[in-house]
Amino acid sequence: MLDLRNARRIGIIGGGIVGWLAAIALSRVFDPAVEVTVIETTALFPLGLGEGGSLNLIDTLCRNDLDLDVFIGEAGATYKHGVLYENWTGGGVPDRYYHLFGGPGIPEIEHHVDGFFPLLSARIAVGASLHTCIPGFEAIARNASHQEIDELMATGQSGLYPSYHFDDIGFEQYLKRVGLARGITSRESPVCDIRLDNRGHACALQLQGEQLEVDFAVDASGLARMGLGTAFNPHWRSFANVLPTDQAITFDLQPAGSSRQPLTRSTAMTAGWIWEVPLNRTTKAGYVFSSRHADHTMAIAEVQHRFGCDVQPRRELSFDQGYLETAWVNNVVALGTASGFVEPLGAALAAHTFEQLRNLERILTNGGGIAPAQAIEAFNRANVRSWTGVRDYLRLHYNGSRNDTPFWRDLASAELPESYAQLRACFQKRTPRFIDIEPYVGSGWQSLFHQVDWISVAAPLGVVPSTAARAELSQLPMEWQSKAQAYLDLLKGTSPTFRPRSGWRH
Ligand SMILES: Cc1cc2nc3c(=O)[nH]c(=O)nc-3n(C[C@H](O)[C@H](O)[C@H](O)COP(=O)(O)OP(=O)(O)OC[C@H]3O[C@@H](n4cnc5c(N)ncnc54)[C@H](O)[C@@H]3O)c2cc1C
């Protein structure tokens with residue numbers, strides 16, 4: 001049992017985005033008299049990334065009473081309404097699909113029958129795009145201004161749901177400013193060690209020349225993983241045999257040379273893929289690739305060829321994708337990169353981190369500061385399930401039919417994780433259902449990627465073929481099949497009368 005009712009000091013290792021966010025969240029959860037301290041070192045390698053946020057970003061900001069407008073100003077945030085994928089199928093021009101974040105009021109997503117979306121299936125059955133069912137796509141496609149998209153969303157008719165691109169250093173500084181104003185303290189020192197008591201609980205953090213006594217500690221030390229990883233040495237589950245990239249170079253692009261749409265642009269390359277994140281004054285970009293298929297010199301040359309200009313890499317880094325099997329031990333919990341890492345596809349790491357934090361907060365709050373061992377075990381099991389879902393969802397992205405380089409050919413013949421192989425087999429026969437995703441959630445955790453997210457990637461890649469959509473439509477009662485046909489006629493402009501809102505079971 002973990003009893004934190006008399007806790008007096010909380011230590012957070014690392015002053016990155018996750019460290020400061022955790023400090024702000026825990027300062028809300030605990031009594032104001034509890035001292036929350038962030039121990040930070042000047043990052044040896046500040047990333048200076050532009051990051052694409054996840055769908056749970058706004059909820060995370062709101063839960064922590066962080067002002068959205070101030071966040072936008074200080075983190076240089078711009079709208080992110082989804083992701084544009086290019087060249088992932090190797091199918092020539094146009095090899096492009098959009099995964100938009102759909103909001104409320106879209107009939108194609110609201111009409112749900114027997115576990116699937118017949119209007120989306122109707123589109124897949126005839127090879128029509130999915131993203132065009134979102135009315136706001138038209139504004140995105142013509143690069144409408146932030147203000148125009150604001151006005152469009154205010155009508156409630158856009159079908160858009162926003163997240164944000166942001167500058168990671170700006171976001172970190174904003175969180176730190178708010179945290180300090182709310183009474184959180186910070187110390188400048190590396191944490192060198194964690195002292196454990198005879199129960200195996202962390203009782204102090206060893207800083208340079210002093211100790212900080214703690215009743216609870218959060219490891220947010222990023223890739224250093226010096227807290228939980230050092231003190232308890234949990235097993236590392238690598239995704240290296242499943243997700244192919246292990247290197248990255250990051251660079252800036254001038255706005256003129258890059259897309260300014262409110263989307264993250266993800267372009268498949270010969271040995272990995274490039275992300276482009278449009279911020280206010282610049283586009284932050286990076287190439288993640290496989291060291292078995294390219295080196296940094298080759299990657300830079302390929303980037304320069306693609307953008308037709310000289311590109312100076314800001315950072316070069318290596319990483320191992322995977323996670324610590326146990327993220328919470330006794331009174332120490334690892335969050336964010338300190339607990340695992342995946343490439344920035346789909347902003348999965350951010351989504352997972354925010355969900356970790358929400359559940360930590362939920363357990364501490366709902367338990368009144370007392371958590372039985374089972375609650376901590378349930379957190380750890382749910383954390384593993386969520387990572388498994390992330391792995392499978394990311395693996396889906398590589399499942400187009402591209403096979404024009406050794407990287408893509410190796411991927412095409414690589415073994416798949418069993419759970420993803422099962423899903424892919426199902427998707428050959430029908431569209432993704434909620435029961436497919438359910439095993440990745442539970443114990444209070446929410447899914448990071450919903451049914452529509454899976455459909456939005458699986459259908460354009462051909463992982464859900466049109467025959468699968470036709471097969472599931474053919475099992476509907478005749479009346480509903482007629483409605484699906486009327487809907488398609490409407491799309492083709494041959495039927496002006498169909499009202500998709502009527503008569504469907506939700
Ligand atoms: C190439 C790349 C692209 C990415 N793209 C995206 C994206 O598009 N979207 C997204 O959401 N995320 C992305 N991420 C992930 C993102 O950078 C991080 O998840 C996010 O910034 C939060 O990081 P963090 O706070 O966990 O770690 P960090 O930002 O690394 O912070 C950790 C802090 O801990 C400090 N520290 C380390 N050791 C010690 C110690 N012993 N004592 C005290 N302090 C210590 C470090 O100095 C650092 O300040 C990307 C990451 C990489 C590498």
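Contact here means heavy atoms within 4.5 Å. Helices are DSSP runs of H or I with at least four residues, numbered from the N terminus. The model is predicted, so local features need pLDDT of at least 70 and side-chain atom pairs pLDDT 80 or more, while totals for chains, interfaces and linings use all residues. Residues are numbered from 1 along each chain as its sequence is written, and side-chain values use heavy atoms, without hydrogens and water.

Start with α12, residues 373-397, against α16, residues 451-461: the angle is about 25° and the axes are 9 Å apart. Axes are lines fitted to C-alpha atoms over the stretch in contact, with angles from 0 to 180 degrees between N-to-C directions. That makes the pair roughly parallel, the term for angles under 35 degrees, with over 145 counting as roughly antiparallel. On the α12 side, G389, D392, Y393, L396 and H397 meet D453, W454, V457, A458 and L461 of α16.

Now α11, residues 348-366, whose axis comes within 11 Å of that of α12 and crosses at roughly 165°. These two are therefore roughly antiparallel. Residues in this contact include H352, Q356 and L360 of α11, and F379, N383 and W387 of α12.

Last, the ligand. It is surrounded by 29 residues, the closest being V18, T41, E51, V191 and A350; a residue counts if one of its heavy atoms lies within 4 Å. A polar side-chain atom of T41 is 3.0 Å from a ligand oxygen, and a backbone N or O atom of V18 is 3.1 Å from a ligand oxygen.

Terms used: Angles under 35 degrees count as roughly parallel, over 145 as roughly antiparallel, 65 to 115 as roughly perpendicular and the rest as oblique. A polar contact is a pair of N or O atoms within 3.5 Å; within protein, one must be able to donate a hydrogen and the other to accept it, and residues adjacent in sequence count only if both atoms are side-chain atoms.
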